[in-house]
Structure formats: C-alpha cells, structure tokens
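Trainee: Please pick one part of this model and go through it closely. I would like one connected account.

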Amino acid sequence: MKKPSGKPAVASETGGFDLTVVAGLAKIAAANDLSEVEVEREGMRIRVARQRQAVTATHVVAAPPVAVAAPVSTAAPNPLAAEAAAPAENPGTVKSPMVGTAYLRPTPDAKPFVEVGAMVKTGDKLLLVEAMKTFNEIVAHRSGKLTQIMVEDGAPVEYGQALMVIE
Amino acid sequence: MFDKILIANRGEIALRVLRAAKELGIATVAVYSTADKEAMHVKLADESVCIGPPPARDSYLNVPALLAACEITGADAVHPGYGFLSENARFADILDEHGIAFIGPKGDHIRLMGDKIEAKRTAARLGIPCVPGSEGAIESEAEAAKIAAEVGYPVLVKAAAGGGGRGMRIANSASELANALSSAKLEAKSAFGDDAVYIEKYLAKPRHIEFQVLGDGKGAAIHLGERDCSLQRRHQKVWEEGPSPALNAAQREEIGGVCARAMAELGYIGVGTIEFLYENGGFYFIEMNTRIQVEHPVTEMITGIDLVNEQIKIAAGSPLSFTQEDVHIQGAAIECRLNAEHPGTFKPSPGKISYFHPPGGLGVRVDSAAYQGYVIPPYYDSLIGKLIVHGRNRTEAMMRLRRALDEFVVEGVETTLPLYRTLVRNLDVQNGQYDIHWLEGFLESEATKA
C-alpha cells in the first residue's frame, strides 16, 4: 500500500529507486520467510511483499519496476502474513475515521496525549486528526493498555488506517 | 503545469486519467474506498489515499475527505472523471477557493448546463437549434396542455434538474398529460431533489448524435466531430460510433461549426459534449455534458487527439495547441461498453474475474481497469471496460470489431460480450440503420424468441 508522501514526487527514469536495493530486500524477505519487508530512506519508501511458502522473491519484484511491488498471484491475502496485517483485524486497533494529519500532542510543545504502556479508559483522548484546520479528537473505544502507537506526530493518515492498539 | 493530480474517481476512467497524467510527467494520487483497495489505478499511482468506506456518498462523493486527501498529498489539481462530482459546480467552486485546480469547466458553466431549462435557453441564445417546447418550467397543468397542443403530441415531460435519461415521461395525447406531469415530477423530486419540469416535442425515431467540443477559456473553441450513440437501453448508451452513419461531411461541418462558435462565445474551458436528437435532417439540442464522457475514445481514435491530455493542458492555462483546420476525421471507430451483467437480463454480476484475456492487434483498444483475479465490487456501476476499434472505413471497423469481440475472454462473471457479438452480426447495425428505440425493440424481440 502506497501511503501518501506529503510532498510532490520527483520525476526520474526509475523514480530514483536503486533496483539493487529492491533485489536485496527481496532476497532478505525470501531468506527469512517474511511476507513483507519495508525500508525508508531519503524520503523514499520501498516495500517488498511476497507469498510465503510460495514463489521465489524475484517473482514479486517483477513489473512495474518503479512502483512498490504488489503480490502478483491472484490468491487471497495470505492469512499467515506478518505483523502488519494483525492490527487491521485486532479489535483493539484504533482506526482513523477520516483523512488528515495525525497529531499526538495537543500543542507542539505539550506532552503527548498518551504514551505506550499507559492504561486508558473508554473515552480518553488519544490523538487528534486534523483536516483543513479542523481538529478532530480521536478517543479510546475501549479500556485497556495502550500497547502500540503506529503513527508519528504530524504524519498523514488515511481512512481506516491503524493508529494505535489498546489491548 | 501541475505537479500532482488527485484522481477523484474510480474504475476505468481513473486509470485513463492516470495514464494521461503519467505521460505528461505529472505525479498521481489515487483515492479509493475500502472496496477499491485492489484497483488497478491504485496500484499504479504514485501515492494512494483511502478516503472512506464503500458507499459513494462516504467516499467518492465525500468532499471533505477529498479535500483532506489533497491537503495531505499536496495535490495542486483534481481530475473528477465522469459521474460522481464531475458536474458538481459546488465542488468546482470549493476547489477554486482552496487554490486547487479543477480539471474541468468553470463552476458557473457547470451550473448553467446542469439546469436543463437554462441550458436550453442558453443554447437557443447561442444559435444552437432546439427541440420545440416550453420556454421554461411548467407552472400549471393548463400551461402544459396549451404548450403541448401548440407543439403537437406526443410530448415529453422532462426534469429540469435531470439528465442521463431520468425523470422523463411520455404523453401521447392530452388525456395522458396530467399523469405524465405528476409522475415525472415525483421521480424528479426523489432523484434530483427538484421537481421542476419542462415540455418538449417527442421525436418518434430520432438518432442520438453528439458533438465533442474543446475550449481553452481564452475565446478559442473547436469541435472534434460527432458520435452516434443511438443504440441505448433504458437511456444508457450501449454502443457508440463515429462518424455517424447518418451524416455527411457538410452536415458535420455545419452543426460542428455552430457548436464550436457557441463554446467560443461562452468562453468555455475544457472538454464538453453537446447532445442532439437528429431526425429527418434536423438537429435538436437536448443537453450539454460539461465533462469527459465515457465514449470519448471514439473521438480520440478518429482524430488522433488525446482528450484527457488536452483537458489537463487547458486546465493548466495553455491555449489550444491546434486550430479547427488541423482536425481531420480519419476512418471510423466503434466502442462497445463491457458491463458485468447478464447479457439477456442485464442483472448485475459482480464477483471475481477468473480469466481475463483482452483482444489486441492493429486498431484495437481496450480501456479497462479489470484484470485476471480482480474482484468487481457490488457497490458501483457495472462498467468494467470499453472495447474500441478503429478502421479506415466503417466496414473495416465492423470486421475488426467482430474479430476482437470473438477474441475477448472474460470468465468468472457474466458480461455483455455475447450481446455485442450478436449486434455486430445484425443487418440493421451493419447498415447503420437504427434509431434510439431500435435496441430496446431488438432486445424485446430476442426475449420473446427465447
């Protein structure tokens, strides 16, 4: 899934991708039987996904060469796929109800609303999602321990994106 | 020129826009509902943003979500495709207020042509021939009866806020008028939120002929010939071709010229289509569509002009890069709309496409976002692709179409391919002898045969 980068793209022949990096990632994914490997550097994010126990890594990195590889097979998403899929099915996941920018603090110099490890109650403020200068409070939908924060302060978020997990 | 275009649509037209943007070196943002996560254009876009759940009003029609998506991606232009918000003047205005370019006409022109009564008044003022009928909205049954008597039965009662063939009722005689008025108003109110209706003479066996226009908003406008879209089912176009088998070059030049001059006077910017009913040598304006249309590839194939490319350049401020004299209609093109529907009952058939093999070869174009393994979601229209062929003349185009249809394989869902295989072998269709009622008559007779 290509997430919004927040800035205009740089047009170039290969999109600025070093294809040896992509091939290297594919090797790592295959060697360690991972369903996906993602790296980010210099503002560019590369994610290689593969079907576990199935085809070799080189398959997945096929055309289009510039875009992030999507699974070539027509089979349903791999149910054994790595941690990235787990939050989507986890009932404790707090998903964004809208498109916007996530803010973990009420103001830039204040403390974050919550920290990993904190106990939260239903209705506690977790973060803000802002769109067009309107700030929306995202509150806890259940009580429990805040085990993960999956977005950075100021990061763009899309509808349904996993923001935090409350166990 | 724009740095980044957000494509506010889905399916085959989103892919079409993406292709044009890429060829211009412009970055692309695909927005999608959760049901369209595996869409082809989402995979190919530089960035993608999920904007909502499947229902269109929460996603593709969700203006705040679209604006927020522009904000977080830094898109400086939005292409609305067709349908959805493409003819929503308010959306065009809102984007303008936010400093984001709307790749389409000015909000005021969308508004003008969106009101069918105003559109007709404007067309008449600009010298475009219109269907005889009421000057404006019908205020009373008495007024309706008077106009209908003047114009002559049968008449058609039409919704002012309508379009796409909805909110229309026929009255064959004075006794049917009251009923036609009330039921048209009812449908108009529920479908468009406005029950204003007007009356037009009902033409018995017209063809639907539309002219493609292109304006740069700087006073220059041209026409790109016509498309004959007479083959329709329930007012939905099924098969479109250009040039029309019924027109000659002189007629094309005359009406095309009237359309182009009208758009130049209006200061129209972008692409548009002026739709006519054509009967016994007479052209009658019915409506203008202020957007790119589904059947635009027919015009692209016979003129060699990339209409979406032109849209983007014009919206970015370029003047028209060619004149009317540079436009040449070459050969003939035919488009078949491939729907995921049962070919006889037209019942929608969403689901997984287990096998997809599109045809190829000279003069064959397939505009489709479908692929093998793609699951057609049940929430949107059933159009999964368009097959367009071009030949040096209509006969060659028909032979090519026949060959291409026979080569096309789609399995896993029902499609209307069999219908087209039948149509291309039909004598009336081969002779180009049909009007807007022909297809429904043909389908009825096929149904009774079966």
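Mentor: The cover over the buried residues of helix 7 of chain B includes strand 6 (155-163), strand 7 (166-171), helix 8 (174-192) and strand 8 (197-201) of chain B. The model is predicted, so local features need pLDDT of at least 70 and side-chain atom pairs count only at pLDDT 80 or more, while totals for chains, interfaces and linings use all residues. Residues are numbered from 1 along each chain as its sequence is written, and chains are lettered from A and ligands numbered from 1 in the order written. Helices (H or I, at least four residues) and strands (E, at least two) are DSSP runs numbered from the N terminus.

Helix 7 of chain B spans residues 141-151, and A144(B), I147(B) and A148(B) are buried in it. These residues lie on the same side of helix 7 of chain B, because they cover an arc of only 100 degrees around the axis (the arc of the directions from the helix axis to the C-beta atoms). A142(B) and A149(B), on the other side, are exposed. Buried means 20 or more other C-beta atoms within 10 Å of the residue's own, exposed 12 or fewer, and partly exposed in between, with C-beta atoms placed from the backbone. Just after helix 7 of chain B, G152(B) takes a positive phi of about 95 degrees.

As for cores (buried Ala, Val, Leu, Ile, Met, Phe, Trp, Tyr and Cys residues joined through C-beta atoms within 7 Å), the largest nonpolar one has 138 residues, and L6(B), I7(B), V31(B), I51(B), A69(B) and C259(B) touch the most other members. A144(B) belongs to a second, separate core of 21 residues, which also includes I117(B), V157(B) and L177(B).

Terms used. Two residues are in contact if their C-beta atoms, placed from the backbone, lie within 7 Å.
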